[in-house]
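Visitor: Hi, I'm new here and would like a walk through this one. Can we look at it together?

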Amino acid sequence: MKIRRIGALGAVVASSALVLSACEAPGGSELVEDTSVAIGWNQAFYSQNNLTSTGNAAANANILYLTNTQLFYYDEGLNVVRNEDLGTYEVIEEDPFTVQYTINEGPTWSDGAPLDAYDVFLYWAAQNDQWDNVAPEYDDEGNLINEEEVEAGVFFDSSSPGANAISQIPEISDDGQTVTFVYDQPRSDWEVVLQPSPVAAHALVDVALGEDDPAVAKQRLYDAFANNVSEDLGPISRAWNDDFNFSSLPEDERLYLSSGAYVMTAFEEGQYLTVNARDDYDWGPEARIESVTVRYSEDPLAAATALQNGEVDMISPQASVDLVATLEGIDGIQFQGTAEGTYEHVDVIFDNNGPFDAASYDGDEETARLVRQAFLLSVPRAEIMEKLVRPIQEDAVVRNSHNAVPGAPNYDELTENNGSDMFSEDDEENRQRAIELLEEAGVDTPVDVRFLYGQGNVRRENQFELISVSASQVGFNLIDEGDVMWGARLAQTTTYDASLFGWQSTNTFALNSQANYVTGGVNNFGGYSDEQMDAWWDELAVNTDPEVETELLIQIERQLFEDGFSIPIFQHPGVMAWRDEFAGASTIPLSPTIFWNFWEWDIDPEDSIEITEEPLDEADTEEE
Amino acid sequence: MLAFLGRRLLSSAVVLLGATFIVYMLLSIALDPLEELYASSAPNREQLIESRIDQLNLDTPAAIRYLMWLQGAAGCLIGQCDLGTSWVTGQSVTAMLGSAFPATATLVSVAIVVAIALGVTVGIASALRQYTGFDYGVTFMSFVLYSLPSFWVAVLLKLWGAIGFNDFLADPVISPQAVAGISLIGGLVWQAIVGGAARRRAVTFLVAAGATAAMLTFISATGWLLDPSLGPVAIGVVGVAIAFGVTALSAGLRNRRALHSALTVVALGLALYYPLQFAFQPAYASGLLMVGLAVVAAGSGLLVGWLFGGPDRGQSMRGAAITAVLVGALIAVDRLMQVWQLYSSSSRVGGRPIATIGSQTPGLSGDYWIETMDTFTHLVLPTIALILISFASYTRYSRASLLEVMNQDYIRTARAKGLPERVVTVRHAFRNALIPLATIVPLDIANLFGGAIITERIFAWSGMGTMFITGLDRDDANPIMGYFVVVGMMLVVANIIVDLVYAALDPRIRVNA
C-alpha cells in the first residue's frame, strides 16, 4: 500500500469523525454532591458491638455515637444530659431500688423495625454474667480442652459491674416500650448503667437463629434469657461475640443497623468510613451535615498536613510538641490543647517493707506516713506542668482530685475541701515542707526509693528525671526501675516502692475507681488498707444522691492525702485542630471526645476554592 | 534445572521456617498484649486480664504457641490458610493480607516501572556523556537523592507538591521571573545532555530555553492548569516527536520504511482522535477497555509496519507498534485531562486536587475517568517519594554497568567493522549492560513491598507496611507474622528468580549444577 493512500484514508476518517462529533458530543463525566465533613482519626472502626472485650475501643465508640441513639450523653460540662426524645428513665422505687426505662413510640432501626425496651434489655442481659455457663479452658499446650462445651455453651464476652448488680430478670410491658430493672442494692452510678444496645435485638436473633420477624425475634430473645434456653442462648452469644466485627462495609445490612442520626453508607478498609444522615430521625439532636466521613491516618503530622490541605476538617491526633509547632505554622486552621481522659499520678507501696511501709520503722505508722507525705511533696508538679504539659496544652491545670476529672461538675467543690492544698503551687515550698517532714520523721537520709515507670514512654522518662532531681534535694535517692513491661510489674510490689502511671476514666462516677482504694481492691497495688475508707466506699456505692457523693468524696480524698496515698499530677494533654470553615468544634475528656456534639457541626457553604471560570460544557471543550 | 529449583525451594523453606520462629519468639518477648489493661481502672480488670490471657494462650510457652501458629500456617500448603486472627479487631490475618497486599501492589507497581525506566535512561545518558558536566550533575543528584531520608522527602513533597501546588492552583499565574528562571535551568540541562561543540551547545540552550519559556507562558496565560487538554494539535506534534525518537532508537532514522510506518500510525491515531472520544464515553470506559485498545493499537502498528514491507519488516513493525501504543496513551491522557476541572472543583475535592493521605477521596461518586483521576491524585506523591529512593541506585548501577560493557573487546570490534554508533550502543552494549540490572530488579521489588512502611504511614496508605506497624503499635503479633511470611516469601522467590534470570541472560552461567 502506498503511503499516500493511507494518508488519504486517514484524512477521510478524520474529517468524517469531525462531522460526527459536531452532531453530538460523547457523554461527559458527572458528579453527585452533598454537604459533608471529614474527621481525621487514627484507628479504623472494626466492630459494631463495642460492649465485647474485643470491640471496646474509642475507634468503635465514636462511630456508634453517630449511628446509635442514646438515652443520655455527656455535655461539655460533663453533666449527664437525658435524651427525652428517645425515652425516659426514672427510679420508681427506692427499696428495692427499681429503675424503669420507657422508650417513646416512633424510634426505629434503619431497617424499619422499632427500637424498644427489648434493645435496652439486651444491653443488660449480654453484660450480666449469670448466663455464662462456660469459659474456654486450655491444657498446657494451649489446646482448647472443652471445645464441645464452648461450642454448645453460652458465653457473652461482655461484662459490667452495673449490669451484674441486677440479677432479677426485668419485666417488659406488653407494648414493649417499658422495661423495669430491680437492683440487688442501690447503686450510685445507676443513671449510666444502661443504654439501648449497639446491636439491634432483632438483628442479633436473626443473625444467630434466622428468625426474621422482629417481634417474634425479640420475644424469643427475652424468653431465651428468662427461661435460660441454652440452645438459643449459645448461638446468640456466639453471634454477639463474633458476628458484628467487620473492617469494611458488610453486604449484610443487619450487621450495621443504625438507630441514630446517621447510618453507615461506605466503609473502605483502612481508609475511611462514611455515615449519611437518616431522613426519618427525630428522636434526639439532629445533625446539620448530610454526610460525615471519618478518615484514618496513624501519623499525627500526616493528619496535620491533611488538615492543611483540606482533606479533613477536624483532627485530634496523638499530641506532641512537634505537632503543636506544626499546627502553629499553618494558616486557615485553629487548634487548642485539650485534656484527655487519662491522668498521671505517683503511687507508693504500703506493704513491701520498703521506705513507705511502717514495718520498716518497727511498725511506726506515723513515721511511715511522714516519709510518704514528704516523698509525694517532693514531686515537682509545677515544673512537670511547665516543661512537659503546657507546651502542648497551654491552659493545662494540675489535677488535685483522685476521683474527679477537672471540669466535672463537682471538681471545684471537691478540690477546695479535700486537703489538696497541702501541696503548694510552688515546688520549692513543697520541697522545704518535705525536708521538715523528713526531719520530723527522723529517718536517715538519703532514703532509697525504687521508682517504677514505663520505659520507652518519653514523657514518663522525662517526668522521672524531673522527679528524681527534685526528690534528691529533699533527701530521697530514686533508683531507676523504668521498665518496658511496667504494667506486668505493677502487681509485683516487692520489686518497687513508688510508681508513675495513668488511670483512665470512662464516666464521671466515683464508683468507677472504688477498686483503687478499698482493702484488697484489684487496682489497689499499694496494699493500702483503712477501715474508715472501706466504710465510706461501701456507703458511696449504694448512695444515689450526688450531694452526698461529693460529701463522701471530700472525706475520702482528705483521708487519702493525709495518709500519703498518692498524688495526682495532670490530665494527659491532647490537641484538636480544625479548619476555619468548620464550626462547632468541641471536645470532652470522656468518650466520644471530639464527636460528642456532632449535631452542632457545620461547614461553611463556600468551602472550596472558587474556580474563576464556570465549568465548561463538555461539548464546548470538544470543539476547541 | 528442576533439581536446582527443588533444592533452592527446600533450602529457602528451611530458612523461612527458622526466620519465622525467631521472629515469633522475639515478638512474644517484645509485645505485651496486656499492657493497656494495666492502666485500666475498670472494676472488672482482673477478669479482663484473665479472659485475654485465655484468648491469646499467654499462659502457654511461646515456643508451643509458635507450633500452633505453624500448624495453621502449614494449612496454606493445602489451601486452608490460617495465619491466626488479630486479637484487637477479630479480623483474620488472611483477610487483612487480602486487602493490604493489593493496596501495596498498586502503590509500588507504578513506582517500580517509572524508577527503572527513568533510572536506566538517565544512567545510560550519563554513561555516554562520561566526565561531562551532565555526568557530574547526575552523579551529584543521585547521591543527594540516595541519602535523603524518605520521611523527610515525603513531608517536603506534601508541603510543595500538594499544599504548595494546590495553593498555586487557586491562581495559576507563573511570574515572569519564575518563567525566566525555569527556562534558564531547562536550557542548561538540555545543552548538557545533548553536548557537542560550543556552537551546538549554544543553539541547544537557546532552543530549549525558548521552548520552555513559550510553554510556561502559554500555560500561565491560558489557565491551562485549571482545565488542561492536549487536543489533536499537541498530540500530533508530540506524536511525530515520538515517531522520530522511537525510530531513531530502534531502527535508525536512515531506515525510511521504519520512519514512515511510525509516522503513519501517528496519522492514524490523529484520525481516530474523535471516534475514540465515543469509545471513551463513561458508559463504556473501563480498565479492560483500555488494555484492549492498547492491544489493538499495538496490533495495528504491527500491521502497518508489515504492510510497509521491505527487507527488515521486524524493525518497522516494532517501531510502529511502540509508537501506536504511545500515541494511544496520549489520546487517553487527553481524555483524562478533560475531567480535571470537574474533578478538582467538586465539593469533595474543593479545588485542592493533589491529596496527601489515603488512596481515594471518600464519597466521590464518579465514572471511570474520575476514579482514574482520583487514583492519580492520590498516587502521585507517594509514588514520587518511592521513585526518589530507587531511582538513584538504578542510575548508578546502569551507568557503571554500561561503562564496563563499553570497554569490552566486542564493542571495539563492532565499531571496527563500521557499525553506526547507535547500533553499537543500543544493540551490543545496552543489552549486555542490562544483565546485572536484571538481577537487582526482583530483589528491589521484594524490598519495596516490605520496605514501603514509612511511605505508607506518612501517606496513610493502608497496605502491608501499615499492617506491620499497627500490629507493632497494638501488641498484635499475628498480623506481623502474616506480614513477615509474605515479605519473606517474596524475597525468597525473588532470589530464585534472580538466579534463573541471570542464567537465561548470560549463557556462561548454568543452573543445572
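Guide: Happy to. Let's begin with the word domain: its bounds come from an automatic or database domain assignment. Also, this is a predicted model, where local features need pLDDT of at least 70 and side-chain atom pairs count only at pLDDT 80 or more, while totals for chains, interfaces and linings use all residues. Residues are numbered from 1 along each chain as its sequence is written, with chains lettered from A and ligands numbered from 1 in the order in which they are written.

Visitor: Which domains is chain A divided into?
Guide: Domain 1 covers 87–195 + 200–243, and domain 2 covers 341–571.

Visitor: And what distance separates their centres?
Guide: Taken over C-alpha atoms, the centres of domain 1 and domain 2 of chain A are 39 Å apart. Seven residues of domain 1 are in contact with nine residues of domain 2, where contact means C-beta atoms, placed from the backbone, within 7 Å.

Visitor: What about the largest nonpolar core?
Guide: The largest one has 240 residues. A nonpolar core is a set of buried Ala, Val, Leu, Ile, Met, Phe, Trp, Tyr and Cys residues joined through C-beta atoms within 7 Å. Buried means that 20 or more other C-beta atoms lie within 10 Å of a residue's own; exposed means 12 or fewer, partly exposed is in between, and the C-beta atoms are placed from the backbone. Phe121(A), Leu204(A) and Ala577(A) have the most contacts inside this core.

Visitor: Which residues does Ala577(A) touch?
Guide: Leaving out residues up to four places away in sequence, its contacts include Ala304(A), Leu307(A) and Phe335(A).

Visitor: Let's switch to strands. In what order do the four strands of the open sheet run?
Guide: The order is S4-S5-S7-S6 in chain A, with antiparallel pairing. Helices (H or I, at least four residues) and strands (E, at least two) are DSSP runs, numbered from the N terminus, and two strands pair if DSSP finds at least two bridges between them.

Visitor: Which are the edge strands?
Guide: Those are S4 (87–93) and S6 (171–172) of chain A, each pairing on one side only. Two bridges join S6(A) to S7 (residues 178–182) of chain A, and Glu171(A) has Thr180(A) as its bridge partner in S7(A).

Visitor: Is strand S12 of chain A largely enclosed or open?
Guide: Twelve of the 16 residues of S12 (residues 333–348) are buried, so it is largely enclosed by the rest of the structure. S12(A) pairs with S16 (residues 566–579) of chain A over twelve bridges, in the antiparallel sense, and Gly337(A) stands opposite Val575(A) there. Seven bridges also join S12(A) to S15 (residues 498–504) of chain A, again antiparallel.

Visitor: On to chain B. How many helices and strands does it have?
Guide: Chain B has 21 helices and zero strands. Its C-alpha trace spans about 85 × 65 × 45 Å along its principal axes, and buried residues make up 38% of its 513 residues.

Visitor: How many residues of helix H11 of chain B are buried?
Guide: H11(B) is mostly covered, with 14 of its 16 residues buried.

Visitor: Is Met490(B) buried or exposed?
Guide: Met490(B) counts as buried because it has 20 C-beta neighbours inside 10 Å. Met490(B) lies in H21 (residues 477–505) of chain B and touches Ala446(B) and Phe449(B), not counting residues up to four places away in sequence. Met490(B) and Asn447(B) are 43 residues apart in sequence, yet their C-alpha atoms are 8.5 Å apart.

Visitor: Last one: what is the phi of Ala460(B)?
Guide: Ala460(B) has a positive phi of about 50 degrees although it is not a glycine. Ala460(B) sits in the loop between H19 (453–458) and H20 (464–473) of chain B, and it counts as buried, with 29 C-beta neighbours inside 10 Å.

Note on methods: Contact = placed C-beta atoms within 7 Å.
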